[in-house]
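Thanks, I will keep this short. Please have the sequence and the model open while I go through a few points.

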Amino acid sequence: YAVENIRNFSIIAHVDHGKSTLADRLLEITGRIPKTDSNRQVLDKLQVERERGITVKAQTASLFYNFDGKKYLLNLIDTPGHVDFSYEVSRSLSACQGVLLVVDANEGIQAQTVANFFLAFEAQLSIIPVINKIDLKNADPERVEKQIEKMFDIPRSDCVRISAKFGTNVERVLQEVITKIPPPKTERISPLKALLFDSTFDHYRGVVANIALFGGEVTRGHRIVSAHTGKSYEVNEVGILTPEELPADKLYAGQVGYLIAGMKEVKEAQIGDTLYLQKQPVKPMPGFKSAKPMVFAGMFPVDQSEYNNLKSALEKLTLNDSSVTVHRDSSAALGAGWRLGFLGLLHLEVFNQRLEQEYNASVIMTSPTVPYKAILSSHKLIKEYGEKEITIVNPAEFPDKSQVLEYLEPMVLGTIISPDEFMSKILSLCQSRRGIQKSLVYIDDHRIMLKYLFPLNEIVVDFYDGLKSMSSGYASFDYEDAGYQSADLVKMDILLNGRPVEELVTIAHREKAYPVGKAICERLRESIPRQLFEIAIQAAIGSKVLARETVKAYRKNVLAKCYGGDITRKMKLLKRQAEGKKKMRKIGNVEVPKDAFISVLKRT
Ligand code: GTP
């Protein structure tokens, strides 16, 4: 294929607007998969993707299509639709010259439509708006076209109306791809310059790198170098993705495909890296920002004897998802485990679910936290850390106010799109989450778009669920990183009869400390059994107690139920009580069952 006959494009859309369905139809029309009526969504390979109907890991497929008497090679690069995975969207887009922006004809523009549009716009790609689901009874393509014109400044006449489900007008989409999206800008007679934009891991062959060639060609036996690591490799196999791997003799400039070259670890295949021939070094292309974890959670095996199994499951899973950071951690209450960093809350959930489904591992995940920062004033601490600004992911390491100039918390800029009838409820939700309104605009007669600056911590737990339920599911939400801001943070201790419980230390905003402390005390009261003496449960900042609950004294006589009868039954009960005690942890003189820790720490 001559470069003029190649198109590299991606489909971007808000969740559920039909990206995967459209991809299926495109694969069918081009003969990659047999025609069926069912919704096969072949690009969504992972089980969690099928279950949740979301795309997690981007997949790529090369399509062959004849148009106007010419043969075209169309490389479709699939991208995930969810906020947490926008780093995958950007990396996929850098291998493309254009996108199909799919919008549901009933729902119209949603929060992620806006976010995805700007990613494509900033990358200076050609954007083809596609209005999907025109078969729906409530479809209102005209209204959606007006929104697109108003929000994105794209003439409404450019919109293609389709039904991906029934295949209506889908052929037209392929023709638009050919006529509206430019071919890749490359020179074939130039040294190899390949962008590594994604990778997967295969146990037998090592890393399978997805590459886009911006110059030259590559074939088996070539000696290539990674600009990032400087390591060199011999190429074992190249090919295209259909989406299955189809080996080819060579890949040429303009093409998108895969390459296997004996990279043993995912770390060697840095996303955004440039690969070149050892004989002909080139200047590396500007790389990607590496994805940084924004949400942290502890992970522990339910049973410590499962530690090693879980460890190996974790290793396998992170091979394919290098955006998860893993550090060993241990807790007196929950045993040995890890502290994991995720891109966002959905990322955490998907990871947890994959661990359970694909590796059959049962784990305790602790409630998510965000990375705080502190600017230190204590010379001793600055020396210890080797820098003035430190990041705190573990509450136990929170430095005292007396050693700190300023605490900082991570912020995000949130976009909410909703029918205006829910506006007042949404405004008060945002306010209760310490949100600062940045803008409010109408995107059509009845829909508003709100921009709010939020502390990330306020939205990681249940913000999205709250928003969905108060808007009967109509509001959509997306957020982007907005740096750090000064914050009045406090370290809150939980005390049992005056003794602090190390693993329950929490960092909170001063304004929110009371409700957070109260909730922890209540959960502990419900899960700590009565003992011979009264137990005071307190939440405190320094010496100031914020909340208190009490567990009354009580002698639990396990033999009372037996009415003096059967001695073997008595023995059994005594044994059971002794076993129960083994699982207890002593804080001072108070015995705390593992379940009590779990009920406070666990993600709900
Ligand atoms: P993510 O992968 O999560 O981003 O979702 P998606 O954008 O890939 O959406 P998907 O293709 O999974 O479609 C979402 C739902 O909309 C599915 O139930 C589809 O059957 C349905 N759907 C897709 N296209 C059409 C259409 O043209 N008409 C109708 N009526 N339903 C459609």
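Tyr307 and Trp338 are both buried, where buried means under 20% relative accessible area, exposed over 50%, and partly exposed in between, with a 1.4 Å probe and protein chains only. Before I go on: this is a predicted model, in which local features need pLDDT of at least 70 and side-chain atom pairs count only at pLDDT 80 or more, while totals for chains, interfaces and linings use all residues. Residues are numbered from 1 along each chain as its sequence is written, and side-chain values use heavy atoms, with hydrogens and water left out.

Back to the rings. A pair of aromatic rings is described by the distance of the centres and the angle of the planes. Rings of Phe, Tyr and Trp (its six-membered ring) pair if their centres lie within 6.5 Å; planes under 30 degrees apart count as stacked, over 60 as edge-to-face and the rest as tilted. How many aromatic pairs does this rule give? The count is 14. Tyr307 belongs to helix α7 (residues 307-320) and Trp338 to strand β19 (residues 335-342), so their pairing ties together parts 31 residues apart in sequence. Helices (H or I, at least four residues) and strands (E, at least two) are DSSP runs, numbered from the N terminus.

Phe398 and Tyr407 are also a stacked pair, because their ring centres are 4.6 Å apart and their planes are at 15°. Both of these residues are buried. One aromatic cluster is formed by Tyr452, Phe454, Phe463, Tyr464, Phe477 and Tyr479. Lys373 lies over the face of Tyr484, 4.3 Å from the ring centre; the rule asks for NZ of Lys or CZ of Arg within 6 Å of the ring centre and within 35 degrees of the ring normal.

Next, the second largest pocket. Its volume is about 1300 Å³. The pocket comes from a 1 Å grid over the protein atoms alone, as an open set of points where a 1.4 Å probe fits, with protein on both sides within 12 Å along at least five of seven lines; lining residues have an atom within 4 Å of a point. Grid points are joined across faces, edges and corners, and the volume is the space filled by probe spheres set on the points. Of the 43 lining residues, Ser367, Pro368, Thr369, Thr506 and Ile520 are the closest to the centre. Which element gives the largest share of the lining? That is α13, with 5 residues. Elements that supply at least two residues each include β17 (295-301), β29 (506-509) and α15 (594-601). The lining divides into 21 nonpolar, 11 polar and 11 charged residues. Here Ala, Val, Leu, Ile, Met, Phe, Trp, Tyr, Cys and Pro count as nonpolar, Asp, Glu, Lys and Arg as charged, and the others, Gly among them, as polar.

Now the backbone. Most residues other than glycine have a negative phi. Gln124 has a positive phi of about 55°; it sits in the loop between α4 (111-122) and β5 (126-132) and is exposed, at 73% relative accessibility. Asn497 has a positive phi of about 45°. Asn497 is in the loop between β27 (489-496) and β28 (499-500) and is partly exposed, at 31%.

Last, cysteines. There are 0 disulfides, a disulfide being a pair of cysteine sulfur atoms within 2.5 Å. For Cys159, the nearest cysteine sulfur is that of Cys96, 20 Å away. Cys159 is buried, at 8% relative accessible area, and Cys521 is buried at 1%.
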